[in-house]
Amino acid sequence: GAVVSQHPSWVICKSGTSVKIECRSLDFQATTMFWYRQFPKQSLMLMATSNEGSKATYEQGVEKDKFLINHASLTLSTLTVTSAHPEDSSFYICSAKEGSYEQYFGPGTRLTVT
Amino acid sequence: GNSVTQMEGPVTLSEEAFLTINCTYTATGYPSLFWYVQYPGEGLQLLLKATKADDKGSNKGFEATYRKETTSFHLEKGSVQVSDSAVYFCALRQDDKIIFGKGTRLHILP
C-alpha cells in the first residue's frame with residue numbers, strides 16, 4: 001500500500017528558532033501534498049496544499065511567511081516553522097496523493113516549542 | 001461552508017457491544033465521505049469511504065452508509081473489540097480538500 005513517512009516524529013526547539021519537518025512518499029509519486037495541524041483533542045485543520053514544483057496554496061489565516069512549504073520533488077515536501085513560538089506547539093500531519101487517487105497520511109510530527 | 005459534525009466523546013463500551021458514532025455533514029454538491037481512525041501515537045488511517053448517495057462503505061467489521069436525505073454517515077460496528085480503541089474522524093472531501101470532524105475517542109473495556 002501507499003506509505004507516507006514524516007521526520008522527525010518528535011522535535012523540541014527553543015523559542016525563536018526554526019524547525020524543518022519532512023514528508024516523504026515512499027512508494028508513489030506525490031503530485032500533491034497537504035499539511036495539516038492538529039491541536040490536542042481537536043480536529044485536523046488544513047494549512048496548505050502544494051503541487052510539485054509550484055508554490056503552496058495556503059488556507060485563510062495561515063501565515064505563509066511563518067510556515068514555509070517546499071515541494072521540490074515528487075517524493076518530498078518540507079514544512080519549516082520559522083521563528084517558532086510556544087503557540088506553534090502542535091501535531092503536524094502531512095498527506096500525499098498521486099494524481100486523482102486517495103490521500104495517504106503520514107504518522108505526524110509533534111512539535112514542542114519551549 | 002462545508003463542515004462535519006460528529007458526536008463528542010469519549011465513548012466507553014464493553015467488548016462485544018454495538019457501536020454507533022453519529023456523523024452529519026453540510027456541503028454544497030456531492031462530496032465523498034470518509035471515516036478515518038487514529039490509533040494512539042499513530043497517524044490517520046482510512047477506515048472506509050463512500051462516494052455517492054446510498055453507497056455503503058465497510059472495513060474490519062465497521063460500516064457506514066451515505067445518506068443524502070439526512071446528510072449523515074454514521075459509523076457502526078456490531079461487536080467491538082479492545083483493539084478498536086482509538087479516535088475516529090468523520091470527514092468529507094470536496095475537490096481536493098478534506099474537512100474533518102472533531103473526532104470521537106472510543107474506549108473499549110475488556
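This is a predicted model: local features need pLDDT of at least 70, side-chain atom pairs count only at pLDDT 80 or more; totals for chains, interfaces and linings use all residues.
## A meeting of rings

What kind of ring pair do Tyr36(A) and Phe100(B) form? Their ring centres are 5.7 Å apart and their planes stand at 85°, so the pair is edge-to-face. Tyr36(A) lies in strand S4 of chain A, whereas Phe100(B) lies in strand S11 of chain B, so this pair joins two chains.

Over all chains, the count comes to 11 aromatic pairs. One of them brings Tyr36(A) together with Phe105(A): the ring centres are 5.6 Å apart and the planes meet at 45°, so this pair is tilted. Here Tyr36(A) sits in strand S4 (residues 32-38) of chain A and Phe105(A) in strand S10 (residues 104-105) of chain A, so the pair ties together parts that are 69 residues apart in sequence. Tyr36(A) has a relative accessibility of 0%, which counts as buried. Phe105(A) is buried as well, with a relative accessible area of 10%.

Now look at the wider group. Ring pairs link Tyr36(A) and Phe105(A) with Phe34(B), Tyr36(B), Phe89(B) and Phe100(B) into a cluster.

## Sulfur bridges

| Disulfide | S to S distance | Torsion about the S-S bond |
|---|---|---|
| Cys23(A) to Cys94(A) | 2.0 Å | about 80° |
| Cys23(B) to Cys90(B) | 1.9 Å | about -70° |

With its torsion of about 80°, the disulfide of Cys23(A) and Cys94(A) is right-handed. Cys23(A) belongs to strand S3 (residues 19-25) of chain A and Cys94(A) to strand S9 (residues 90-97) of chain A, so the pair ties together parts that are 71 residues apart in sequence. Both of these cysteines, Cys23(A) and Cys94(A), are buried.

In chain B, the torsion for Cys23(B) and Cys90(B) is about -70°, so that disulfide is left-handed. Cys23(B) is found in strand S4 (residues 23-26) of chain B and Cys90(B) in strand S10 of chain B, so the pair ties together parts that are 67 residues apart in sequence. Cys23(B) and Cys90(B) are buried too.

Cys13(A) is itself buried, with a relative accessible area of 10%.

## Details of the backbone

The peptide bond from His7(A) to Pro8(A) is cis, with omega near 0°. You can find Pro8(A) in the loop between strand S1 (4-7) and strand S2 (10-13) of chain A. In chain B, the bond from Gly9(B) to Pro10(B) is cis, also with omega near 0°. Pro10(B) is placed in the loop between strand S1 (3-6) and strand S2 (11-14) of chain B.

Thr71(B) is not a glycine, yet it has a positive phi of about 45°. Look for Thr71(B) in the loop between strand S8 (62-65) and strand S9 (75-77) of chain B. Its relative accessibility is 30%, so Thr71(B) counts as partly exposed.

Asp95(B) is not a glycine either, and has a positive phi of about 55°. The loop that holds Asp95(B) runs between strand S10 (86-94) and strand S11 (97-100) of chain B. Is Asp95(B) buried or exposed? At 71% relative accessibility, Asp95(B) counts as exposed.

Terms used:
Residues are numbered from 1 along each chain as its sequence is written. Chains are lettered from A and ligands numbered from 1 in the order in which they are written. Side-chain values use heavy atoms; hydrogens and water are left out. Helices (H or I, at least four residues) and strands (E, at least two) are DSSP runs, numbered from the N terminus. Buried means under 20% relative accessible area, exposed over 50%, partly exposed in between (1.4 Å probe, protein chains only). A disulfide is a pair of cysteine sulfur atoms within 2.5 Å. Rings of Phe, Tyr and Trp (its six-membered ring) pair if their centres lie within 6.5 Å; planes under 30 degrees apart count as stacked, over 60 as edge-to-face and the rest as tilted.
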